[in-house]
Each structure stands twice: as C-alpha cells, then as structure tokens.
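Let me put the structure up before I write anything down.

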Amino acid sequence: MSARLAGRLFMGAVGVLLAAPVVVLAGVSLNAKKTLVFPPEGLSLSWYTDIVTDDGWRSALVASLTVATLSAAIAVLVALPIAWFLWRRIFPLAEIVRGLGLAPFILPPVITALGFLSFWATAGFYGQGFTVLVSHGIFLVALPLVTLSMGFGSIDREIVEAGATMGADDRTLLRTVILPLMTPYVVSGYAFAFVLSLNEYIIAYMTVGFTVETLPIKVFNSLRYGYTPTMAAVAVVFVGLAALVFGLIARFGDLRRLLGALDHRT
Amino acid sequence: MTDLTLQNVTKSFGHVKAVDGVDLTVPGGTFVCLLGPSGCGKTTLLRMIAGLEDPTEGRIRLGEEDLTAVPAHRRGFGMVFQSLALFPHLTVAENIGYPLRIRGRPKAEVRRRAEDLLDLVQLSGYGDRSVARLSGGQRQRVAIARALAFEPRLFLLDEPLSALDAKLREAMQVELRQLQRRLGITTIVVTHDQREAMTMADMVVVMSGGRIRQADVPSRVYRHPADAFVADFIGSSNLVEAVAAPGGLKVPGGTIPGLSCPGGRCTLSIRPEDLTLTLGEAHIRGTVTFVRDLGATVETFVDAEGVTLVSAAQPSDRPAVEPGAAVGLTVDVAKAVVLP
Amino acid sequence: MRREAPRSAADFLPIALPAAVLGVFFLIPFGIMLAVSFFKRVQGGFYEPDFVLDNYARFLSAFFGGVLGFSVLLAGLVSLVAVAIALPFTHRLARMRPRAQVAWLVGLLSVLSLSEVIIGFAWSTLLSKTAGVTNLLVFAGIIEESFSLSPSFGAVLTAMVYQAFPYSVLVLYPALVRLDPSLDEAARTLGASPLRAFFTVVLPALRRTIVATLILVFVFALGSYLIPQMLGRPQHWTISVLVTDQAIYQSNMPFAAAMAVFLMLACLALIALAGLVGREREAIR
C-alpha cells in the first residue's frame with residue numbers, strides 16, 4: 001500500500017470515528033418512536049420541534065441562550081481591558097492578572113465549579129439566577145483573553161505610529177485604527193465563549209442546578225429519569241450550532257491564525 | 001521654507017547612547033540623507049524628529065518653533081515607515097485620505113485630494129483597491145501619497161526603498177528626487193545604501209556610533225572624506241598606513257611623492273579609480289591576487305607587502321594581467337586624501 | 001500612543017478593575033474552598049468552621065489511594081493514546097491546503113466544544129445494545145445478537161480519548177504548522193522515506209512539544225467528571241467524579257474541597273512544568 005494511500009485512509013478513519021457519534025445521534029434523533037434505536041425505525045422530526053414546543057425543553061433552551069449571551073458578554077468585558085492594558089503599557093506585574101484570567105479555564109472544571117459553589121453558598125446567594133451568569137462569565141474569560149491578546153499582538157505598532165504622524169491623537173487612533181482592526185477578534189472571542197457556555201454543565205449544575213435547568217442539565221437529568229430522543233436532537237443542534245459559529249469565524253476571520261499558524265494564506 | 005535645527009540632540013537607553021550630541025541644520029526645501037550602517041542611530045534620530053521618541057537631551061526646532069515637547073500628532077510631519085504601515089482595513093484611497101478625514105474635511109474634498117495624489121504618484125484609478133493586493137512598489141507609492149496628503153511641513157522617510165528589488169529601487173530613487181524637487185518640501189531620508197544617498201541628496205549626513213561624522217554635499221563627502229570611516233563607507237576606498245619619508249610618504253609597496261603627513265604617521269585614502277595599474281614605472285609595486293570583471297569596470301586586487309590594494313578601471317584602460325603577475329600602481333596624488 | 005509604563009492612577013484603571021473582579025470572583029472562591037477543606041463535616045449535610053486535617057487525612061486511606069492511582073493511570077493512558085493518534089494526524093493536517101485545514105479545524109472545534117454530558121450520552125448510545133455498533137456486526141452476520149459495550153473500562157477509555165483527541169490536535173497544531181518543512185525535505189533528499197523521516201527527524205525535533213502536550217492532555221483528562229460515571233462502574237470512578245459525588249450526593253463539602261485543592265495544586269504544578277518543558281529550539285539556519 002503506498003504511503004499516500006495509507007495516509008489518506010488514516011485521516012479518513014479518524015474522520016469517521018470523530019463523526020460516528022454525531023451520525024448515530026442524528027439517526028437516533030429522527031426515530032419516530034420514543035426508543036433508542038439505530039438505524040431509526042420510521043422517521044420523524046418531532047423531537048426537534050419538541051425543543052421549542054415542549055415547555056420543559058423550551059425553558060431550558062431559553063435559559064441556556066440567556067446565560068450564554070450574557071456570560072459571554074461578561075467574559076469579553078473583563079478580558080478586553082486586560083488585553084488592552086498588556087498591549088498598551090509596560091507593567092510586568094499585569095501578567096499575574098492574565099494568569100488569573102486564564103486559570104479558571106485551564107483547571108479541571110470540577111475545581112472551578114466547586115469553588116463557585118463554596119463562594120455563592122458562603123455569600124448567601126446560592127441558587128440565584130445571576131450566580132451562573134457571573135460564574136460562567138469568569139470561567140470563560142480565558143477565551144476572549146486569548147483571542148484579544150492575539151489580536152492586539154497582530155497590530156503592527158508602526159501602523160499606530162503612522163496614524164500619529166498623520167495627526168491622529170490617542171482617542172482618534174483608538175476609534176479609527178485599533179478598534180476596526182480588533183473587531184474580528186472581539187467577535188470570535190465572544191463566539192467561542194458563547195458556544196462553550198451553551199455546552200457547559202458542571203458549573204451551571206453546581207451553582208443553579210436545582211433552580212434553573214439549562215439544556216445540558218436537562219439532558220443529564222433526562223438520562224436518569226427517562227430517555228427521550230429529544231436529548232439526541234439537542235445534541236445534534238449543539239453540534240450544528242458550534243459548526244455554524246466556527247464556520248462563520250473561519251469565513252470572516254482567520255481561523256488558522258487564531259489557532260496558532262503564523263502565515264495567513266486563504 | 002524654514003530650517004530644521006537639531007541642537008545637541010541625545011538619546012540614551014540606559015547606559016547606551018543611541019544618538020550622541022547631534023548638531024545639525026537642515027535648510028528648508030533641501031533633500032537630506034541620514035546615512036550609516038545599522039545601529040548608527042540614524043533611525044532613532046529620525047524618530048525623534050518625528051516625535052515618536054523623546055530626546056534625552058537637546059532641542060529640536062523648526063524655524064523659531066521649539067518642537068521638542070510637541071507630541072507626534074501635532075508636528076505636522078509626514079512620515080513613510082520602513083514597513084510602510086498601510087492600514088489593512090482601508091482601501092488605497094481611504095489610506096491616502098485618512099489624515100484629511102480625521103481633520104474633519106468634507107468627503108468630497110477628501111476624495112478629490114486622494115485622486116490628485118494618486119495621479120501624483122502615478123497610481124491613478126487604484127483608489128478602490130485593497131492594499132493587500134498591491135505590489136511592493138505600488139504600496140511604496142501609496143505610503144508616499146498618504147504621508148503627503150495633508151501638505152506636511154517636513155517629509156520623513158525611514159529606509160523607504162529597502163524592500164524593493166534593485167532595479168525598482170534605482171527607478172524609485174530618481175522618482176523620489178523628482179517628486180521632492182517638484183513639491184519643494186524639506187525631506188529627510190534614512191538609508192544604509194550610500195549609492196542611494198549620493199543619488200538623491202543635496203546633503204549627505206554620515207553617521208556612526210550615534211554621532212555625525214560628516215555632513216556635506218555628496219561630491220565633497222566623496223572627494224574629501226573627513227575620516228577613515230567616511231572614506232571607507234562612501235564608495236570603496238583603499239586605506240593605507242603611511243609614514244613620512246624623504247620626498248613623500250612611505251606606504252606598503254613603495255613611496256608616494258608629493259604628499260606629507262602631519263605628525264609623521266597617518267592614513268591615506270585612495271579610491272580604486274585613482275589607483276592606476278601599470279607595467280612600467282610606478283609608485284607602488286606588488287603582485288596581482290584576484291581580478292574581478294564587472295563588465296563596465298574591472299577591479300584588480302594587488303598584494304603589496306601583505307596589504308591588499310584595489311585598482312578599478314575600464315577594460316580598455318588597463319593592461320591585461322592575470323593573478324600572479326607582478327605589477328605597478330600609480331597614485332593620482334591630487335585625489336589622494338590624507339586622513340587624521 | 002507609545003508603549004510605556006503607566007503613570008497616573010487613571011492609567012491603571014484598565015487593569016485594576018478586571019483584577020478586582022477576578023480577585024473577588026476567583027481568588028476569594030478558591031480561598032473559601034481552601035478554608036472549607038479544613039472544616040469539620042457535620043452529619044446531615046452541613047459543615048462547621050473549624051480547623052481539622054481529617055479531610056486531608058483521608059487521602060492516606062486505601063480507598064482514596066486506589067482512586068488516585070486509577071485516575072493517574074487512566075488519565076495517563078488517555079493522554080498517551082490521544083497524543084499518539086493526534087501526532088501523525090496533526091502532522092498531515094498542518095501540511096494540507098489551507099481550505100482543507102480550516103474545514104478540519106471547524107469540525108474539531110465543534111467536537112471539542114461539546115459538553116461532556118453529550119459526549120457521554122453519544123458514546124453510551126454508540127455502545128448500546130439497541131443503537132450501537134454491535135448492530136453493525138449483527139447486520140454483517142458476524143454475531144447473532146447485539147449487546148451493550150458499556151459500562152466497561154474500554155468504554156470509558158474510548159469516550160475519554162474521543163474527548164481528548166481534538167484538544168490534543170489543537171495543542172499540537174501551532175508547533176506542527178510552524179514546523180520548518182525543510183527539515184522533512186532535507187531528510188527525504190538524504191534518502192529517508194516519509195515514514196522514516198517522520199520518526200527520525202520530525203518527532204525528535206518536537207520532543208519537548210510532545211512532552212508538554214502529554215502533560216497538558218493529562219491535566220485535561222483528569223478533569224473528566226461524567227464519562228467515568230456514565231460509561232463505567234464505580235471502580236472506574238476518578239478523582240473528579242469523586243469530588244462531584246462527595247460534594248453533591250454525599251453532602252461532604254469539606255472532603256470534596258480537600259480533594260479539589262489537592263487536584264488544583266497538582267494541576268497547577270503540571271501546567272507550570274509543561275510551560276517550562278515546551279520551549280523548542282529552532283532548526284539551525
């Protein structure tokens with residue numbers, strides 16, 4: 001077998017294995033009856049519509065979307081000034097703050113979740129809705145922090161200097177040069193945080209698991225209390241949404257560079 | 001046109017003096033080149049003139065106006081950066097129109113001016129292009145047009161042609177000079193290429209180690225270098241150790257009549273074209289080690305008592321000698337320069 | 001807008017505010033968790049402020065030792081397998097046309113972003129009796145009746161490798177995409193087949209990156225809190241599972257906190273180690 005063919009088969013095999021669970025989920029989600037069968041016996045899209053028509057699933061969907069939208073915004077709002085300061089100023093101690101921003105995300109999620117649980121319990125707010133917003137917001141800071149740092153790092157300082165020699169003061173430079181160049185990084189940082197918040201289970205569970213049901217929590221609960229293909233439908237929607245968001249980032253931004261490549265070919 | 005005056009301008013980074021006590025007057029309307037090897041301080045000096053760096057000591061004046069404390073965005077100097085620094089998120093016309101747009105000029109005026117400048121740099125019709133799709137030479141012109149858009153008082157360029165290939169570079173040198181003459185704007189160019197400086201400048205400022213070695217018109221810098229560094233940096237030169245002797249100066253390989261050294265010992269600078277290869281009577285005798293045929297000129301490397309001397313001449317003006325042959329070198333005494 | 005040190009108080013604002021936010025919502029929670037780890041557990045699900053080392057003393061028990069040992073073994077195995085597959089994969093990925101790379105990266109990111117709940121659910125479905133792969137074998141006539149492949153160690157391992165694989169690829173990607181192709185090419189012109197070149201030139205050049213990646217994926221795998229529960233039996237539970245179990249179902253916060261503190265310190269140390277190790281030398285030009 002030629003090396004090239006072997007290589008292609010290898011990549012193909014990995015691709016199949018990566019996609020297999022998703023394919024099975026998709027198949028299972030289309031099953032007409034409320035049973036876990038693959039290939040599906042009889043096709044039905046009712047489980048997908050269930051997500052919006054069934055009260056329980058719909059409120060979980062709304063909860064997840066709300067938390068994702070707001071906590072991703074919080075993450076960006078915390079990350080932006082940090083990334084800006086690190087680029088704008090020389091102040092080595094600020095790297096500690098960068099470490100603090102990255103830490104909740106790099107550590108195993110159970111640790112962060114437990115930390116928040118202790119915190120909110122001690123503070124007396126345990127179970128209240130806003131706690132998951134703050135917790136996710138802090139947890140996800142790492143993502144926009146990384147994309148924004150990369151974004152600032154990619155700004156050629158001579159471009160800023162050129163603007164200055166042409167008469168732009170600091171505020172004008174910010175408005176006409178820096179912000180336009182940073183927009184794709186802000187957007188992709190928000191998008192990453194959004195998708196991850198949507199999927200996040202353990203922190204949500206440990207902070208508001210008993211009062212608010214997000215989609216991942218509801219999926220897990222459904223596993224214990226009774227199987228329904230709606231779970232699979234939710235999973236497929238999640239994958240689809242993630243693919244859509246990352247696809248959009250790839251389309252409008254430079255995904256390869258965001259992930260570490262140095263050159264930018266299209 | 002007002003003169004730019006630099007008075008004792010110094011820039012220190014810790015213990016290192018990147019620029020050391022520079023005094024310079026740039027007459028209004030002239031084309032000046034800051035010339036020197038990398039690390040000599042020429043770019044730092046330019047950046048201080050632009051206001052992108054603050055001098056540790058000294059003052060920078062334009063006419064009567066003391067600009068030392070004035071921030072870059074208020075000096076009104078147009079600058080072209082070595083990396084060109086074009087805004088990637090704006091089109092060619094938007095780049096050129098940027099300085100006018102931020103000054104609040106109406107859109108129609110901005111558009112018109114951008115088009116005029118595109119004509120000036122011979123890029124008419126390129127206004128709506130994205131800067132990423134331009135060639136090196138085209139980007140160069142956009143950078144120049146942009147820096148000139150707001151009719152600056154001074155035009156500063158940092159190694160503007162270093163990214164271009166040789167042929168394009170030579171063409172741009174001429175264009176830049178012609179542009180400057182047409183606009184009459186005081187221009188300061190930083191370069192490490194001495195041929196570029198000699199081509200374009202009214203005044204060449206040779207720098208090394210943060211100091212000015214010589215500031216003068218190109219021909220005088222070439223013919224009367226102030227010291228060994230300038231002699232060697234501008235064009236190529238034979239630098240030989242000379243000792244006073246009866247009737248002239250003793251150099252490796254012979255004696256040169258008609259020259260003298262203050263203090264008995266000195267360095268002599270002789271341009272290759274002032275050193276003639278001859279098979280007959282000569283000042284210096286030696287052996288040919290290498291011949292470099294460059295087409296229009298032929299360079300002959302001669303070893304005289306361990307020192308290599310280079311003689312350059314047109315092919316028709318030199319005897320045909322091969323490596324290993326014994327030859328003589330005659331010095332054009334009038335052109336030889338005694339250096340301190 | 002020059003890059004210089006901050007001077008006035010206003011200059012410090014952009015870093016001071018987020019620092020305060022992170023201090024309150026990250027440092028304090030961990031401080032509290034650290035404190036709770038020393039508290040005394042009270043029957044009935046509460047704990048009272050105290051300073052006892054009981055919780056940490058339980059680390060010395062055989063039970064905990066067993067769980068710790070298993071966790072390390074499992075995470076280590078997952079890391080080895082995931083990175084072993086990810087290396088040749090990412091090597092090929094990095095040399096594809098940019099468009100193909102982007103397509104794969106979108107797919108990998110989508111899988112990576114999946115909740116552990118969903119991955120666990122997906123694999124339990126894939127390994128189940130009624131909807132799983134064994135049905136394919138029945139269809140092909142190899143076996144008579146389908147059966148469930150979980151709960152089992154193999155199921156846990158497979159699902160965890162699936163979860164860790166995209167992460168491994170993304171950690172390796174920057175190094176492999178920046179790798180000087182002329183290293184590989186030089187080896188080939190000297191007579192090495194592509195496979196040989198890979199093993200004798202590319203891998204050694206990436207030694208440090210590989211070690212750092214193994215460490216980071218190890219830390220990542222330690223964080224699996226649901227898959228061992230969903231696809232394994234109690235003997236397959238890892239520390240992360242134990243932490244969740246103790247915190248939620250056994251209402252033993254102090255012990256859970258102690259384990260979490262231990263886990264956190266270990267992970268921080270490992271991440272620091274990975275950072276130190278992962279500095280690669282460049283090809284000599």
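Here are my entries, roughly in the order I looked things up.

**Ground rules.** I'm working with a predicted model, where local features need pLDDT of at least 70 and side-chain atom pairs count only at pLDDT 80 or more, while totals for chains, interfaces and linings use all residues. Residues are numbered from 1 along each chain as its sequence is written, chains are lettered from A and ligands numbered from 1 in the order in which they are written, and side-chain values use heavy atoms, with hydrogens and water left out.

**Sheet in chain B.** I went to chain B and found an open sheet of 6 strands, ordered S6-S7-S8-S3-S9-S10, with mixed pairing. (Strands are DSSP runs of E with at least two residues, helices are runs of H or I with at least four, and both are numbered from the N terminus; two strands pair if DSSP finds at least two bridges between them.) Strands S6 (77-80) and S10 (211-216) of chain B each have a single partner strand, so one side of each has no neighbour in the sheet. Neighbouring strands here are turned by 15° against each other on average, direction ignored. (The axes are lines fitted to C-alpha atoms, for helices over the stretch in contact, and angles between N-to-C directions run from 0 to 180 degrees.)

I then picked out strand S3 (residues 31-35) of chain B, which runs parallel to strand S8 (residues 186-191) of chain B and is joined to it by 5 bridges.

**Aromatics.** How many aromatic pairs does the structure hold over all chains? I get 36. (Rings of Phe, Tyr and Trp, the last by its six-membered ring, pair if their centres lie within 6.5 Å; planes under 30 degrees apart are stacked, over 60 edge-to-face, and the rest tilted.) One of them is the stacked pair A:Trp87 and A:Phe152, at 5.4 Å centre to centre with 25° between the planes. A:Trp87 is in helix H3 (residues 55-88) of chain A and A:Phe152 in helix H7 (residues 142-153) of chain A, so the pair ties together parts 65 residues apart in sequence.

Is A:Trp87 buried or exposed? Buried, at 8% relative accessibility, and A:Phe152 is buried too, at 4%. (Buried means under 20% relative accessible area, exposed over 50%, partly exposed in between, with a 1.4 Å probe and protein chains only.)

In chain C I wrote down one aromatic cluster: C:Phe38, C:Phe51, C:Tyr56, C:Phe59, C:Phe64, C:Phe255 and C:Phe262. C:Arg58 lies over the face of C:Phe255, 4.0 Å from the ring centre. (A charge sits over a ring if NZ of Lys or CZ of Arg is within 6 Å of the ring centre and within 35 degrees of the ring normal.) In chain B, the charged end of B:Arg271 sits over the ring of B:Tyr222, 3.9 Å from its centre.

**Where A meets B.** I see 18 residues of chain A in contact with 21 of chain B (contact means heavy atoms within 4.5 Å). About 1700 Å² is buried between the two chains, 65% of it from carbon and sulfur atoms. (That is accessible area, 1.4 Å probe, lost on putting two parts together, summed over both.) On the chain A side, A:Glu158, A:Thr165 and A:Met166 lose the most area, together 40% of what that side buries.

The peptide bond from C:Ser150 to C:Pro151 is cis, with omega near 0°. I place C:Pro151 in the loop between helix H6 (134-139) and helix H7 (153-177) of chain C. B:Gln122 has a positive phi, near 60°, without being glycine, and it counts as exposed at 53% relative accessibility.
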